[in-house]
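Me: I would like to learn how to read a protein model feature by feature, with each cut-off stated as it comes up. Please give me the general idea each time, and then the case at hand.

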Amino acid sequence: MPEVTFTQQGMWVTEQAGGGGAAYHMPLLVHLDGDLDTGALLAACAAVADRHPMLGDVVAEVDGELRLVPGAEVPVRHVEDAGPALGEETWERAVREEILRPFDLDTGPLARFTLFRTGPRRHLLVFVAHHLVFDGGSKDVLVRDLAAFYNGGTPLPLPRVDHGRAERDRVAALLPAAREFWRPRWRDPGETVVLGRPLRSRRAGEGRVLRFALGAPVTPVPGLTGFEVLLAALHTLLLGYGNAAVTTAVDLSTRPAEAADHVGPFVNELPVASAPSPRQTFREFATALRGELREIYRFRQVPFSRAMPRVRPHAALVPVSVSYRTRREADPVFAGLDATVEWTAFNHAVRGALHLQCVAGPGGLEISMRYDPETVPDAARVAGDLRRVLERATRHPDLSLHDILENEMGSVTTLTDQIREIWEEVLGISPIDDHDDIFDLGGHSLTITQIIARMRKRLDIEVSLDAFFDTPTIAGIVDSLGDD
């Protein structure tokens, strides 16, 4: 019986504590238009399940250890087999129910295929798996194999590999260095402020989604990847929202070469911290963040809970997280059909407060922003702000972060708000307008010195005393920073 991977062990523990739920459901939707050979597709689904035994496994305790053991057979269902097509509202509700339907973690199955007829010559195949046996990279494997079987092909058999055992050997070799690496870096990030609201949640719960896309892949700044540019843009945005220190989590692939054609949860969530300075150019900041990522990549195989065993387990490591994967191939072809795959299908849940699920493909970058509606009520504004920061940063990477935030996100006025907060604290007056004169408000050399010290500590901004005498308003100080 194969050993579980560390990822599977962590998810299993979280589920036993009641902390996962639908947040660990991974749906994949394939829209099929044309003259579908229903029998061939259902047979292809069964063949995929046979090819990937992981889909039929469950986690069980065996002699005090967690092992993968065979569970119930992966079901392949055809809804409305002989009846009329389901109406749009009906099948959308049915798909939602299929995605949310709980898995029995003790007996399985932890995956299922369901085929819906949604219109004349139109069908929708809904595949749902628990994250215990599936990940984002597995979606490409599954659809590729499904198309191959439907088209009459027979992929080469896959050897059964004990991924858990192999992973433990790799992690054991890296663990001492990983502990030394993370010990000085990790500080519990506490809350992350977004649009004035503190995000603290690391639990899994009901979520909502907002999807948006860039018509082309993220234009890389020379020397940077699309993922690095996106992550730097997100950290810049969080700086703009008032976070002098930023920590997000990223999902990193741990898929080894021998698992290239296997399904499974080959992923590890790790923290990425930064302290962006408004004076840095985007290129400088993103390049520094890239350097930190490269350091982290050395230990991508090591689960954070192994390197830092005192970290309290949560469904999410920090409130804001990102998953990003690149699809370099076009969608597989199903013979005689027009097939469209929803690679970022929503599971109606979120781990943490805000999660960006990103897929970069030949057609551009798709972003599925999952969020807790109670703590992020204005998700559309967050999406719009991120898009604007990303677009301006890629067009003008040598602008300072201050200029990117202020010039492109006038509605956010992020640095202005942070400076205003400091003035109001020191002067004991609220609200203070952008054009209120500090001396008319009762300010003097001592209070100005206190403001300068707090701006230096919180915002990494150095302002001279003379600047306050020359431009004694919040707007004037902000303008003077842009002139440096």
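Me: Where does P109 lie, and what omega does the peptide bond from G108 to P109 have?

Reply: Most residues other than glycine have a negative phi, and most peptide bonds are trans. P109 lies in the loop between α3 (88-100) and β5, where helices (H or I, at least four residues) and strands (E, at least two) are DSSP runs numbered from the N terminus. The peptide bond from G108 to P109 is cis, with omega near -5 degrees. A cis bond also joins S430 and P431, with omega about 0 degrees, and P431 lies in the loop between α11 (414-427) and α12 (445-459). This is a predicted model, in which local features need pLDDT of at least 70 and side-chain atom pairs count only at pLDDT 80 or more, while totals for chains, interfaces and linings use all residues. Residues are numbered from 1 along each chain as its sequence is written, and side-chain values use heavy atoms, with hydrogens and water left out.

Me: Which phi does L195 have, and is L195 buried or partly exposed?

Reply: L195 has a positive phi of about 50 degrees although it is not a glycine, and its place is in the loop between β7 (192-194) and β8 (197-199). Its relative accessible area is 26%, so L195 is partly exposed; buried means under 20% relative accessible area, exposed over 50%, and partly exposed in between, with a 1.4 Å probe and protein chains only. H348 likewise has a positive phi, of about 65 degrees, although it is not a glycine. H348 is found in the loop between β14 and β15 (349-351), and because its relative accessible area is 18%, H348 is buried.

Me: How should I read the sheet that contains β14, and in which order do its strands run?

Reply: Strands of a sheet pair through backbone hydrogen bonds, either parallel or antiparallel. Here five strands form an open sheet in the order β4-β5-β6-β1-β14, with mixed pairing; two strands pair if DSSP finds at least two bridges between them. Because β4 (76-79) and β14 (337-342) each have a single partner strand, they stand at the edges, and one side of each is left without a neighbour in the sheet. The twist averages 20 degrees from one strand to the next. Strand β1 (residues 25-34) pairs with β14 in the antiparallel sense over six bridges, and L32 stands opposite A339 in β14. Helix α2 (residues 38-51) packs on the sheet, touching β1, β4, β5 (111-119) and β6 (122-130), and its direction makes about 155 degrees with that of β4. For such angles, axes are lines fitted to C-alpha atoms, for helices over the stretch in contact, and the angles run from 0 to 180 degrees between N-to-C directions.

Me: Which strands stand at the edges of the sheet that contains β12, and how many bridges join β11 and β12?

Reply: Six strands form this open sheet in the order β10-β17-β16-β13-β11-β12, again with mixed pairing. β10 (208-214) and β12 stand at the edges, each with a single partner strand, so one side of each lacks a neighbour in the sheet. Strand β11 (residues 246-253) pairs with β12 in the antiparallel sense over eight bridges; among the bridge partners, T247 has A273 in β12, and V246 has S274. Even so, β12 is mostly covered, seven of its eight residues being buried. T254 is found in the loop between β11 and β12 and counts as buried because its relative accessibility is 5%. Leaving aside neighbours within four places in sequence, T254 is in contact (heavy atoms within 4.5 Å) with F266, V267, N268, R300 and Q301.

Me: Where in α5 does the kink lie, and what covers the buried residues of α5?

Reply: An α-helix has 3.6 residues a turn, so residues three or four places apart point the same way. Helix α5 (residues 163-182) has 20 residues, but its end C-alpha atoms are only 25 Å apart, short of the 28 Å that a straight helix would reach at 1.5 Å a residue; the expected span is 1.5 Å times one less than the number of residues. A kink of about 50 degrees lies at L175, shortly before the proline P176, the bend being the angle between axes fitted to the seven residues ending there and the seven starting there. The buried residues of α5 are H163, G164, E167, R168, V171, L175, A178, F181 and W182, and their cover includes α1 (6-16), β12 (267-274), α7 (282-297) and α8 (304-307).
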